[in-house]
Amino acid sequence: MWVIIVVGVYRCSAYISDFEEDTADKVEESEPESKEEDTTDLPPDDKVRILIMNQGYQSIYHTELVIECNEEMEIDQDGKISIFPAHSEYVLTQNQLEGDQRICITGKNNGRLQLKNIGRNSSAQYRGKLECFSAAEGIVVVNELLVEEYLYSVVPSEMPSSYPEEALKAQAVSARTYTYFHKQRYAYPEWEAHMDDSTAFQVYMNCEETPSAVRAVDETRDQVLTYEGALVESFYYSTSSGYNGGAAVWNDTPSAADAYLIESGEELYAANSEEGEQAYRQYIDNGNETDVEYHEAWYRWNYNRTLDDNAVRNLLQKLYALSKTQPQKVRIRSKYLSSDQLTKEKGICDIRILSRRKSGMVAGIMIETEHFKVSVMTQHVIRQALGCAQDTITRKDGSSYTMGELLPSAYFYIEKIYDKNGEKGDTLEQIMIHGAGYGHGCGMSQNGAKGLAERGLTAAEILAYYYNGEIKAVDALKTAD
């Protein structure tokens, strides 16, 4: 049962990140592991610290910052205060910071601080304060501000503000919960930052605040999702294939998240049988008109990839590189040759699916050459392996999409074309990947939230569709602590 602990009528908001195509792989695509470092429990205050990445989200380090404020701007450099007039530019270079120095920048009268050279879709005008730190690689910038004001920009950066009110409310609650979950520790302990502003966490300040997004945040103020009294890690993503993957999209090992991240599907798909594979192919090909996203462009997609010499070389080089960075998930085997010889193979003999989850998500694939077998495990790494930046995806509505580094999802089957008679063992000439959905498939589907809102569901009902648990006020959790 979902319980709402607030005074008055329940109101909440939501968002979707699918259509911001330059940041579409949001919270979405980062596995919850590498950067998180547990620290002592942090105070349950109302502020959050967000590390601001550089142009194109390529790095956490900046070579130069150009800052402007719509009010007077105060620069505090280790106690030395400077005041800049409104609308004047302050340029900060690495040479101005020495050793452990920190520069703190604030706007008078709650003025907005604009970072003019970080290349966002919006003008990137930040609330709160900016702290700038010196590092050997460049300048590190952390924005400290109130959680609710942070969400004013997260919601429109993650979901189109034109989406229904109840969908926006569901997004707001999900994003707030994700924020407070990550406020329990620092992702970047050196600079005491809880998250960064990229798709590794939640996209922040990539779009301007909008009245509908602000209203969605305000009307759900302080509401978070909990399970058995604890915050959940409220993942969300663009568009489902028709089924949700649950916590298993990250790891097959059972975890506490299995209880609140709902997995749906058909056990037959996970049977590793010809019957199960054929059943899933039929589902991909035909869909189900009762699926919430049946009419969405990303509900189904196709990707044709010709395996010419250049494509084969690029694929094998990528597999070798992934085996070095993620050796537990990409394993290269050969009877006689060392793994570095993989990149010299001349063709691909087969690409086959090793296992699926009941949601239809591909959990493992095998890629074979004349002398090697390469196993690739987990949906994220499979999408890395098979994705090819700048290639074209054709979506259900016939529209074209230019792929980034990741395949849109791991909900697919592979049709193979061989260079001779199509018999197994010949070299593959082409593969056609027939896929469904966009994103990792864990938690709330944002296009699904839109569809459910259009059917008349409230934000609370939308959230209950994707997560098990209760809606509680943040203050209730603080009191419990």
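Two strands count as paired if DSSP finds at least two bridges between them. With that rule, E7 and E8 form an antiparallel pair with 2 bridges. Keep in mind that this is a predicted model.

**Whole chain**

Start with everything selected. The chain has 481 residues, and 55% of them are buried. Its secondary structure comes to 9 helices and 25 strands. Now consider the contacts with a separation of 6 or more: 73% of them are between residues 24 or more positions apart. The accessible area is about 20300 Å², and carbon and sulfur atoms supply 44% of it.

**Stop 1: the sheet with E7 and E8**

Select E5, E2, E7 and E8. They make an open sheet of 4 strands in the order E5-E2-E7-E8, and the pairing is antiparallel. Strand E5 (89-93) and E8 are the edges; each has a single partner strand, so one side of each lacks a neighbour in the sheet. Zoom in on the E7 and E8 pair. Leu-113 stands opposite Tyr-126 in E8.

Next, select the loop between strand E7 (113-115) and strand E8 (125-126), where Ala-124 lies. Is Ala-124 buried or exposed? Ala-124 counts as buried, because its relative accessibility is 1% and the cut-off for buried is under 20%.

**Stop 2: helix H2**

Select residues 165-182. This is helix H2, with 18 residues. From first C-alpha to last, H2 reaches 26 Å, close to the 26 Å expected at 1.5 Å a residue. Colour H2 by accessibility. 16 of its 18 residues are buried, so H2 is largely enclosed by the rest of the structure.

**Stop 3: into helix H4**

Move to Asn-272, in the loop between strand E14 (236-237) and H4. Asn-272 also has a positive phi, near 55°, and is a residue other than glycine. Is Asn-272 buried or exposed? Asn-272 counts as exposed, because its relative accessibility is 54% and the cut-off for exposed is over 50%.

Now select residues 274-286, helix H4. H4 has 13 residues and reaches 18 Å from its first C-alpha to its last, close to the 18 Å expected at 1.5 Å a residue. Show side chains. Which residues of H4 are buried? They are Gly-276, Glu-277, Tyr-280, Tyr-283 and Ile-284. These residues cover an arc of only 120° around the axis, which puts them on the same side of H4. An α-helix has 3.6 residues a turn, so residues three or four places apart point the same way.

The buried residues of H4 pack against strand E17 (350-356), strand E22 (412-418) and strand E23 (428-435). Then step past the end of the helix. Gly-287 follows H4, and its phi is positive, near 65°.

**Stop 4: the sheet with E17**

E17 and E18 pair in the antiparallel sense over 6 bridges. One of these joins Arg-356 to its partner in E18, Val-362. E17 and E18 form a hairpin with 5 residues between them. Click on Gly-360 in the turn: its phi is positive, about 95°.

Continue to strand E18 (residues 362-368) and strand E19 (residues 373-377), which run antiparallel and are joined by 5 bridges. Gly-364 has Met-377 in E19 as its bridge partner. E18 and E19 form a hairpin with 4 residues between them. Check the burial of E18 as well: 7 of its 7 residues are buried, so E18 is largely enclosed by the rest of the structure.

Note on methods. Residues numbered from 1 in each chain as written. Predicted model: local features only at pLDDT ≥ 70, side-chain atom pairs only at ≥ 80, totals over all residues. Heavy atoms only, no water. Expected span 1.5 Å × (residues − 1). Buried < 20%, exposed > 50% of the residue type's maximum accessible area, 1.4 Å probe, protein only. Arc of directions from axis to C-beta. Contact = heavy atoms within 4.5 Å. Areas by Shrake-Rupley, 256 points an atom, 1.4 Å probe, with all protein chains shown as cover.
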